[in-house]
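Please walk me through this protein model.

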Amino acid sequence: MRNKFDKLCHKAWLAYSQRGRSENMRKLTFQGGVHPYDGKDLSKDKPIVSVLPKGELVYPVSQHIGAPATPIVKKGDRVLAGQKIAEQNGFVSAPIYASVSGTVKSIEPRRVVTGDSVMSIVVENDGQYEEVTMEPPGDLESLSREQVIDCIKEAGIVGMGGAGFPTYVKLSPKEPEKIEYCIANCAECEPYLTSDYRRMLEEPEKLVGGMKIILQLFPNARGVLAVEDNKPDCIRLLQEMVRGEERISVKALQTKYPQGAERTLIYAVTGRRINSSMLPADVGCVVNNVDTVVAVYRAVTEGRPLMERIVTVTGDAIENPQNYRVRIGMNYRELIEEAGGFRGKPEKIVCGGPMMGFAMFDLDVPTTKTSTALLCLSKDEVSAMEPGPCINCGRCVEVCPGRVVPSRLADYAEHFDEEAFVKNDGMECCECGCCSYVCPAKRPLTQQIKSMRKIQLAKRKNSK
């Protein structure tokens with residue numbers, strides 16, 4: 001009966017999806033999704049403020065997907081801001097740079113936001129912030145494709161929206177002539193986050209400049225700045241910035257979570273679908289986050305490596321929510337102090353947004369290349385929920401952007417039925433959290449599916 005029910009649900013979902021496709025394409029969105037409280041009013045009107053770290057800085061050698069970087073400094077060495085302290089180790093890897101001047105205190109395992117202990121380079125900040133001399137690699141127009149990619153590679157740039165995939169790898173597909181769309185993910189659909197919004201408002205020229213550089217790598221591509229329509233001021237500003245640019249356009253997306261997820265973004269902009277076994281390049285697309293595109297601009301035009309990023313510190317438990325320009329390696333506790341501390345003891349602290357972020361149990365951990373936000377909430381509503389049995393209402397199916405049946409996948413995961421999980425497209429889940437958000441029974445659907453996906457991904461990796 002269960003298999004029959006699953007097939008009926010999947011068939012109904014496909015019919016529903018196809019029926020709404022033409023309408024959704026007019027709205028530039030996708031089928032499914034949710035509209036949670038966005039919380040952006042807390043920090044969206046707060047301009048970016050640069051902060052300087054006071055204590056030691058910690059640089060985990062694994063701040064990206066792929067092989068950890070290899071330290072090239074030792075205890076006692078003095079380093080300058082912008083100096084390489086760990087080099088790339090393999091094709092899918094990225095170097096790491098010091099963001100302050102100081103002395104290497106140690107190279108030892110340190111705790112990171114996920115709770116893991118990762119080998120890290122610890123630098124004692126001397127407070128002088130001396131930098132190495134940074135020079136652009138040459139006139140932009142005269143640089144070859146290989147030189148531009150090498151510059152991005154050397155700068156240690158990775159996907160700064162949270163994934164951390166080395167950017168130079170993403171920009172080096174086997175057939176670059178087949179790339180038709182270079183998309184800047186300006187959606188920022190995760191609730192509470194406003195760092196990309198402030199970046200677009202305050203430094204639009206760097207975003208547009210970075211897109212121009214990326215388009216140099218793909219002669220047959222068009223650039224798209226894809227912005228959710230809850231940011232009309234950004235849309236107007238960027239449209240003015242690209243006026244007269246034949247290869248770059250601004251597209252307004254319907255505001256809906258998870259509009260900024262790679263698969264849903266590609267579908268909204270191009271109408272093309274990808275699954276878990278495909279890359280965006282397989283459908284002629286390359287997607288990069290706002291901060292990543294800006295980092296590309298600074299690397300190629302200024303010779304500046306990735307050593308800082310914008311972080312939103314927000315939530316109803318924060319005294320003064322703010323967007324900060326943060327030097328990578330800075331301690332999260334120092335960011336809390338910069339924001340005026342807590343209004344009261346928070347019940348929940350999240351690294352990232354409430355839908356896909358990591359719950360934190362310790363603030364004495366470093367910011368990294370993929371740190372987007374620090375969310376502090378006075379109430380932990382999720383922990384207070386009591387899960388009940390599934391009532392087969394189908395709400396999780398309706399909101400799922402991956403077009404799977406989350407309630408059934410969670411059952412398979414809970415009973416360790418790996419065969420049924422894979423057979424019923426469990427690997428197509430993007431872990432967005434929409435199903436858990438709408439479930440009236442308060443079941444932890446996403447967490448259960450995510451755990452089984454990790455097991456399957458580990459098995460695939462070990463079998464290679």
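**Two helices, then the rest**

Helix α4 (residues 195-202) packs against helix α8 (residues 290-302) at an angle of about 45°, and their axes lie 9 Å apart. Axes here are lines fitted to C-alpha atoms, for helices over the stretch in contact, and angles run from 0 to 180 degrees between N-to-C directions. Angles under 35 degrees count as roughly parallel, over 145 as roughly antiparallel, 65 to 115 as roughly perpendicular and the rest as oblique. So α4 and α8 are oblique to each other. On α4, the contact is made by Asp196, Arg199 and Met200. On α8, Val290, Asp291 and Val294 make it. Contact means heavy atoms within 4.5 Å. By class, this contact has three nonpolar, no polar and three charged residues. Ala, Val, Leu, Ile, Met, Phe, Trp, Tyr, Cys and Pro count as nonpolar, Asp, Glu, Lys and Arg as charged, and the others, Gly among them, as polar.

A word on the source. This is a predicted model, where local features need pLDDT of at least 70 and side-chain atom pairs count only at pLDDT 80 or more, while totals for chains, interfaces and linings use all residues. Residues are numbered from 1 along each chain as its sequence is written, and side-chain values use heavy atoms, with hydrogens and water left out. Helices (H or I, at least four residues) and strands (E, at least two) are DSSP runs, numbered from the N terminus.

Next, the core. In soluble globular proteins, nonpolar side chains tend to be buried together. The largest nonpolar core here has 44 residues. Such a core is a set of buried Ala, Val, Leu, Ile, Met, Phe, Trp, Tyr and Cys residues joined through side-chain atoms within 4.5 Å. Buried means under 20% relative accessible area, exposed over 50%, partly exposed in between (1.4 Å probe, protein chains only). Leu207, Phe218 and Leu225 have the most contacts inside this core. Its largest share, seven residues, comes from α8. Leaving aside neighbours within four places in sequence, Phe218 is in contact with residues including Leu171, Ile179, Arg247 and Val286. Another core, of 20 residues, lies apart from the largest one, and Val51, Ala317, Tyr324 and Ile336 are among its members.

Loops can be buried too. Gln63 lies in the loop between β2 (57-60) and β3 (70-71). At 5% relative accessibility, Gln63 counts as buried. Which backbone oxygen does the side chain of Gln63 reach? That of Pro60, at 3.0 Å. A polar atom of the Gln63 side chain also lies 3.0 Å from the backbone nitrogen of Lys369. Ser93 sits in the loop between β5 (84-87) and β6 (96-97). Ser93 is buried as well, with a relative accessible area of 1%. Its side chain reaches the backbone oxygen of Ala67 at 2.7 Å.

Finally, follow the backbone. Most residues other than glycine have a negative phi, and most peptide bonds are trans. The peptide bond from Tyr257 to Pro258 is cis, with omega near 0°. Pro258 is in the loop between β11 (248-253) and α7 (262-270). Tyr192 is not a glycine, yet its phi is positive, near 75°. This Tyr192 is in the loop between β9 (181-186) and α4, and is buried at 11%. Arg403 also has a positive phi, of about 60°. Arg403 is found between α10 (395-399) and α11 (406-414), in a loop, and at 24% relative accessibility it counts as partly exposed.

How values were computed
Polar contact = N/O pair within 3.5 Å; in protein donor to acceptor, adjacent residues only side chain to side chain.
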